[in-house]
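Please read them alongside the structure.

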Amino acid sequence: MINPDSWYVFFVFILLTYFLILFKIKDKRRHIAYFIFGFLFGFYFDSVSVFQNYYAYHYYFPSLLNVPLTVTIAEGCAVAITICLYEAVKGRIGSRFFTSRKSTAP
């Protein structure tokens, strides 16, 4: 298990990255929806795993139903960050390989 102090540093880093993305993008609603989706699914799967004693969180607080809120918030942020990175890479690859080719059709 990771040291709680290290976890909180990592958590703050993920949270700041997410807020930086929200600050820089124009479509904030969509990325907030990604966060909520990741948060809810993360909480659901973590709570099912905790209820079935598959794993347990001991040191991270605050928690709801023995699932730390920092973990579920980090999962929501991670989903939004991953989708943002995917869109950035897709945009760069798509613009380089797909839009630069000219059609040779008559």
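**Notes on the model**

1. C77 has a relative accessibility of 1% and therefore counts as buried. A search of the whole structure finds 0 disulfides, a disulfide being a pair of cysteine sulfur atoms within 2.5 Å.

2. This is a predicted model, in which local features need pLDDT of at least 70 and side-chain atom pairs count only at pLDDT 80 or more, while totals for chains, interfaces and linings use all residues. Residues are numbered from 1 along each chain as its sequence is written, and side-chain values use heavy atoms, with hydrogens and water left out.

3. The mean pLDDT of the protein is 85, and 86% of its residues reach 70 or more; pLDDT is the predictor's confidence in each residue, from 0 to 100. Confidence is highest in α2, at a mean of 93, and lowest in β1, at 84. Where pLDDT is low, the predicted coordinates should not be read in detail.

4. The protein has 3 helices and 2 strands, which run α-α-β-β-α from the N terminus on. These elements are DSSP runs numbered from the N terminus: helices are H or I runs of at least four residues, and strands are E runs of at least two. Of the 106 residues, 28% count as buried. Among contacts between residues at least 6 apart in sequence, 64% join residues at least 24 apart, where contact means heavy atoms within 4.5 Å.

5. Which residues have the most contacts inside the largest nonpolar core? They are W7, I14, Y18, I21, A74, C77 and I81, in a core of 16 residues. α1 (4-24), α2 and α3 (69-97) are the elements that give two or more residues to this core. A nonpolar core here is a set of buried Ala, Val, Leu, Ile, Met, Phe, Trp, Tyr and Cys residues joined through side-chain atoms within 4.5 Å. In soluble globular proteins, nonpolar side chains tend to be buried together.

6. Beyond its neighbours within four places in sequence, C77 is in contact with I14, L15, Y18 and F35. I21, in helix α1, is buried because its relative accessibility is 13%.

7. Helix α2 has 24 residues and spans 34 Å from its first C-alpha to its last, close to the 34 Å expected at 1.5 Å a residue. The expected span is 1.5 Å times one less than the number of residues. The buried residues of α2 are H31, Y34, F35, G38, G42, F43, D46, S47, S49 and V50.

8. Within helix α2, H31 counts as buried because its relative accessibility is 2%. Not counting residues up to four places away in sequence, H31 touches Y18, L22, I25, A80, C84 and E87. Its C-alpha lies 8.8 Å from that of I21, 10 residues apart along the chain.

9. Y55 lies in the loop between α2 (28-51) and β1 (63-64). Is Y55 exposed or only partly exposed? Its relative accessibility is 28%, so Y55 is partly exposed. Leaving aside neighbours within four places in sequence, Y55 contacts F45, D46, S49 and V50. The side chains of Y55 and D46 are joined by a polar contact of 2.4 Å. A polar contact is a pair of N or O atoms within 3.5 Å; within protein, one must be able to donate a hydrogen and the other to accept it, and residues adjacent in sequence count only if both atoms are side-chain atoms.

10. S49, in helix α2, has a relative accessible area of 16% and is therefore buried. It touches Y54 and Y55, not counting residues up to four places away in sequence.

11. Two backbone angles deserve a check. N53, in the loop between α2 and β1, has a positive phi near 55° and is a residue other than glycine; N53 is exposed, with a relative accessible area of 68%. L65 lies in the loop between β1 and β2 (67-68) and has a positive phi of about 55° although it is not a glycine. At 47% relative accessibility, L65 is partly exposed. Most residues other than glycine have a negative phi.

Key:
Buried means under 20% relative accessible area, exposed over 50%, partly exposed in between (1.4 Å probe, protein chains only).
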